[in-house]
Amino acid sequence: MIFFIFAVIAMSSPAHAIYSSTFSLSLQGHEFQPQYGVQLIFNEAAKSRLLCSAACSQNPSCRIFDYDSSSQRCRLFEADLTNGATIKPASQTSIVGSVILSASLYASMYNQCCSACQENRYQTCSSTTNTCQCPGNSYWNGSMCPLQLFANATCSQIDACRSDLNLSCIINSYGEFTQCLIGINLFTIFVYENLNTDTIFHFFIKLK
């Protein structure tokens, strides 16, 4: 599939903040198919592809959009090509745009005081730490803020999974992170795999 690149500068009217994004665009005749319904965050009409891309640019959760010029359907997704796919629909007038991310967008701001990430879509000010942190449903991997992972995905750190969906990155008996699973306590798994039944029984008795 062939992609080309264009940049969008959008003004967010509520805060009058300016967000700049660079997108890679597919050729016409493609739309985005998310892996999960929760990834769709906006589905409305837009008069042009530029307005649809601007809506994505000013929404920090948006990583991908698709736009159909015939129906003027604009959809925004909190997703990327690791948890969704670009497909060929019946319509030949739709196009997919994907936000281009790089470590340089994050390196100078992460963990800095909030003034460093004002009017920026890639990091947000944490009211708890007063520092620039990854936006919701994303996590710091040491260089960027990728989206958190869904069920059964391979994970490599404790905050890599969608906690809002009750997912945790479980660890095995060797203390290694493995995959995202629903409603499982990391410490409990480690205890059950490393202690015998009597030890576990006495352990929980002490917790009461």
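Buried means under 20% relative accessible area, exposed over 50%, and partly exposed in between, with a 1.4 Å probe and protein chains only. The views below come from a predicted model, in which local features need pLDDT of at least 70, side-chain atom pairs count only at pLDDT 80 or more, and totals for chains, interfaces and linings use all residues. Residues are numbered from 1 along each chain as its sequence is written, and side-chain values use heavy atoms, with hydrogens and water left out.

View 1. Helices (H or I, at least four residues) and strands (E, at least two) are DSSP runs, numbered from the N terminus. Of the 208 residues in the protein, 40% are buried. The average pLDDT, the predictor's confidence in each residue from 0 to 100, is 83, and 78% of the residues score at least 70. Confidence is highest in strand β6 (residues 73-77), at a mean of 98, and lowest in helix α3 (residues 197-207), at 36.

**View 2. Two stretches of the model have pLDDT under 50: residues 9-17 and residues 186-208.** With contact meaning heavy atoms within 4.5 Å, the model has 18 contacts beyond four places in sequence for residues 9-17. For residues 186-208 the corresponding count is 21. Where pLDDT is low, the predicted coordinates should not be read in detail.

**View 3. Strand β5 (residues 64-68) is mostly covered, with five of its five residues buried.** I64, D66 and D68 point one way from β5, while F65 and Y67 point the other way. Two strands pair if DSSP finds at least two bridges between them. β5 pairs with β6 in the antiparallel sense over five bridges, and I64 stands opposite F77 in β6. The hairpin of β5 and β6 has four residues between the strands, and Q72 there takes a positive phi near 60 degrees.

**View 4. Strand β5 also pairs with β8, in the antiparallel sense and over five bridges.** D68 has S94 of β8 as its bridge partner. S98 belongs to strand β8 (residues 94-99) and counts as buried because its relative accessibility is 15%. Beyond its neighbours within four places in sequence, S98 is in contact with T22, F23, S24, R63 and I64.

**View 5. C52 and C74 form a disulfide, with their sulfur atoms 2.1 Å apart.** C52 lies in helix α1 (residues 49-57) and C74 in strand β6, so the pair ties together parts that are 22 residues apart in sequence. A disulfide is a pair of cysteine sulfur atoms within 2.5 Å, and a search of the whole structure finds seven. The torsion about the S-S bond of C52 and C74 is about 85 degrees, so this disulfide is right-handed. C52 is buried, at a relative accessible area of 0%, and C74 is buried at 1%.

**View 6. A disulfide joins C161 to C180, whose sulfur atoms are 2.0 Å apart.** The torsion about the S-S bond of C161 and C180 is about -80 degrees, so the disulfide is left-handed. C161 lies in the loop between β10 (132-133) and β11 (167-171), and C180 in strand β12 (residues 177-182), so the pair ties together parts that are 19 residues apart in sequence. Both C161 and C180 are buried.
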